[in-house]
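Dear colleague,

Please find below the structure that I am handing over to you, with its sequence. My findings on the ligand site and on the salt bridges follow it.

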Amino acid sequence: MNKKEKILVTGAAGQIGSELTPLLRERYGNIQVIASDIKTDIPSDLKDSGPFEHLDVLSNERLFEVVKKHRITLIFHMSAILSASGEQNPQHAWKVNIEGTRNILEISKDSEVKKLFIPSSIAAFGPSTPREDTPQETILRPNTVYGITKVAGELLSNYYVARYKLDVRGCRYPGIISHKTLPGGGTTDYAVAIFYEAVRKKTYTCFVNKETMLPMMYMPDCLKATLDLMDANFKKLQHHADFNVAGMSFKVHELAREIKKHIPDFTISYEPDYRQKIADTWPRTIDDSAARQEWGWEPEYDLSSMTEDMLKELRRRHQESGL
Ligand SMILES: NC(=O)c1ccc[n+]([C@@H]2O[C@H](COP(=O)([O-])OP(=O)(O)OC[C@H]3O[C@@H](n4cnc5c(N)ncnc54)[C@H](O)[C@@H]3O)[C@@H](O)[C@H]2O)c1
């Protein structure tokens, strides 16, 4: 990506946006990166380190105004309603994820925006998808509204690449584990909550059962995947907005066992709720060979190194200021 790009991040206050934005500002300069979100309670480090725009992606006028005012050339479209929240309010999830994404693509087509990142998710898969080593090309028949919007987002993005020559890229993120901003209502949130509760209370009640195994990724790898894909040579890409990317896969009791190595008196219990049903429709492991071949994807963290780093960071924060 060119140093002169003017970059807009939507959903910048979310779990991923709140870590992607500072990284982009470090790379491209604070004033080059415009953070935006529908939220108004924005952490000061995000608001004070560069331009911030209050932006609802459902408002075309406002979106146009922001893109024009800052002469945006590149967009990271991170705003969305996630899987568990989506099942609580499917109409809203449809609106934000479908209309919001279409607005972003339309504005880009008619402005100076040349390149976009629009994430998909492992939620694009469904109960009829092979769950082991889920292939790049496979059955996409999700049964959550979030998953349906993610499949539509992939297809629409690929359509804009083919029809309008817009450079749209995206990957099917697995569950993202991080310690800066709490996740925003996804089915994989347990893999973050377990660390907070382990540090705070040494015990955790999990909302999926102990055998549940889902693909996950540590935030540094998520950011690496995002930027590596955006840096890749367009000519080498056969896929665009729908790359499988894998980090690690583990069962909940394996994660608990790893945490116990650092906190021996940690205990876990299980009270599966509606999110179990969603988890049961998603892959256990992912085949990401297309990402590896087309843009050199390789994750750095596994279960053991991620656990060590998460606990180190959360313990430090717990001691400094509580969690
Ligand atoms: N975090 C994960 O585990 C995960 C996994 C797979 C895919 N993804 C995808 O990555 C992207 C970012 O996810 P995240 O985890 O940071 O989500 P998040 O829920 O933490 O953040 C989303 C942000 O979007 C904002 N938003 C909601 N409605 C909006 C609107 N109408 N206009 C503008 N902003 C709005 C929210 O205020 C929030 O700050 C999403 O597309 C998500 O589907 C995330």
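In this predicted model, a polar side-chain atom of Asp56 lies 2.9 Å from a nitrogen atom of the ligand. The ligand taken alone exposes 830 Å², of which the protein buries 93%. In total, 27 residues surround the ligand, with Gln15, Asp37 and Lys150 among the closest. By class, the shell comprises 14 nonpolar, nine polar and four charged residues.

Turning to charge pairing, the structure contains 22 salt bridges. One of them joins the side chains of Lys180 and Asp45, at 3.0 Å from N to O. Lys180 sits in the loop between strand 9 and helix 7 (190–200) and Asp45 in helix 2 (residues 44–48), so this pair ties together parts 135 residues apart in sequence. Lys180 is partly exposed at 33% relative accessible area, and Asp45 is partly exposed at 39%.

A further salt bridge connects Glu320 with Arg316, their closest N and O atoms being 3.4 Å apart. The two residues are four positions apart in helix 12 (residues 303–321), which means that about one helical turn separates them. Glu320 counts as exposed at 58% relative accessibility, whereas Arg316 is partly exposed at 38%. Finally, salt bridges with shared partners join Glu53, Arg62, Glu65 and Lys69 into one network.

With kind regards

Key: Residues numbered from 1 in each chain as written. Predicted model: local features only at pLDDT ≥ 70, side-chain atom pairs only at ≥ 80, totals over all residues. Heavy atoms only, no water. Near = heavy atom within 4 Å. Polar contact = N/O pair within 3.5 Å; in protein donor to acceptor, adjacent residues only side chain to side chain. Areas by Shrake-Rupley, 256 points an atom, 1.4 Å probe, with all protein chains shown as cover. Nonpolar A, V, L, I, M, F, W, Y, C, P; charged D, E, K, R; others polar. Salt bridge = Lys/Arg side-chain N within 4 Å of Asp/Glu carboxyl O. Buried < 20%, exposed > 50% of the residue type's maximum accessible area, 1.4 Å probe, protein only.
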